[in-house]
Amino acid sequence: MNTMPDRGEEAPTGQIARAFSVLEAVAAGGSSTARTIAEATAIPLPTVYRTAQELIRAGYLVHLRDEQRFALGYQLHRLAVGLHDDLGIPRTVREEVHAMFRDLGMAAYLAIHRGTDFVVVHVSDSPQSPRLSPMGFGFHESPHATAFGKVGLSALTPEDRDAYLHRGGLRAHTANTLTDPEELRRHLDEIADRGIAWEHEEFQRGTDCLAASIKADDGMLIGTVAVSAPVTAYAGRTRHVEDRVRACASRAGRAYRLGAPHS
């Protein structure tokens, strides 16, 4: 997701912070000129060039000389592979999520849950069926307003759930976002019973999402699979979408339990 500062904000301080800001600016644009990076990050242009050269030497950026632009380097791929291995995402699960995207024509997601936290680790989408912005790899915010986040909250112990609901910060992303703790608690109880969570224009206006839980043999929540699409895309096919998402979650759970390969 894009964490770059808006123009007019102070530039990041420290070598590491500047390096990350440069990488995020390049990632946001696919490739970027030094001037574009400077404008997006508020880092002075000479410092952008110096930081970019250091990142090139380390393999995290490459310089596209003919285009006078910087692009992400292959060293980042090695880090991503290591993270995916650490998160333990079987190849068959990624294939299941992509098949769900292809069958439904809706952006499809996989999130992994670790205790009270979750993170989106895989997205299948296209220009015709785009993901919700900024819900890409690494997104983990506002669980009360997202379908897979609500599945995660529903799996908490009553004590942990109450602690989350009453600590504040239930941000209203739209007029439909549930921010009343008691109303949200009842909603989470229903999700726990059904194993699926709907989100009706609660994170982004005009878009509905549906998520289903992936469970371990002992019933512990491993993760969630989800889809998002414009509200009109569900007309006349709500039951079909529910069945397809449930089936994807079921097969994903089987892959995790059988220890499918991660390659």
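This is a short walk through the model, one selection at a time.

Before you click, note that this is a predicted model, where local features need pLDDT of at least 70, side-chain atom pairs count only at pLDDT 80 or more, and totals for chains, interfaces and linings use all residues. Numbering runs from 1 along each chain as its sequence is written, and side-chain values use heavy atoms, with hydrogens and water left out.

**Stop one: the five-stranded sheet**

Switch to cartoon and find the open sheet, whose five strands run in the order E5-E4-E8-E7-E6 with antiparallel pairing. Strands and helices here are DSSP runs numbered from the N terminus (helices are H or I, at least four residues; strands are E, at least two), and two strands pair if DSSP finds at least two bridges between them. Select 117-124 and 196-200: these are E5 and E6, the edge strands, and each has a single partner, so one side of each is left without a neighbour in the sheet. On average, neighbouring strands are turned by 20° against each other, direction ignored.

Select 91-104 for helix H5, which lies across E4, E5 and E8 (221-230) and runs at about 145° to E4. Then take 238-258, helix H9: it packs on the sheet and touches E4, E6, E7 (207-215) and E8, with its direction at about 30° to that of E7. Contact means heavy atoms within 4.5 Å; axes are lines fitted to C-alpha atoms, for helices over the stretch in contact, with angles from 0 to 180 degrees between N-to-C directions.

**Stop three: aromatic pairs**

How many aromatic pairs are there? The count is two, where rings of Phe, Tyr and Trp (its six-membered ring) pair if their centres lie within 6.5 Å, and planes under 30 degrees apart count as stacked, over 60 as edge-to-face and the rest as tilted.

Show Tyr109 and Phe148: their ring centres are 6.1 Å apart and the planes at 65°, so this pair is edge-to-face. Tyr109 sits in E4 and Phe148 in helix H6 (147-154), 39 residues apart. Tyr109 is buried at 1% relative accessible area, and Phe148 is buried at 3% (buried means under 20%, exposed over 50%, partly exposed in between, with a 1.4 Å probe and protein chains only).

Next, show Trp198 and Tyr234, with centres 5.4 Å apart and planes at 70°, so they are edge-to-face as well. Trp198 belongs to E6 and Tyr234 to the loop between E8 and H9; both are buried.

**Stop four: the cores**

Select Leu110, Val225, Val227 and Val245, the residues with the most contacts inside the largest nonpolar core, which has 28 residues. Such a core is a set of buried Ala, Val, Leu, Ile, Met, Phe, Trp, Tyr and Cys residues joined through side-chain atoms within 4.5 Å. H9 gives the most to this core, with seven residues. Another core, of 26 residues, lies apart from it and includes Phe118 and Cys209.

**Last stop: the hairpin**

Finish on E2 (61-64) and E3, antiparallel and joined by four bridges. His63 stands opposite Phe70. Four residues separate the two strands of this hairpin, and Gln68 in the turn has a positive phi of about 55°. E3 (69-72) also pairs with E1 (31-32), again antiparallel, over two bridges; there, Ser31 has Ala71 as its bridge partner.
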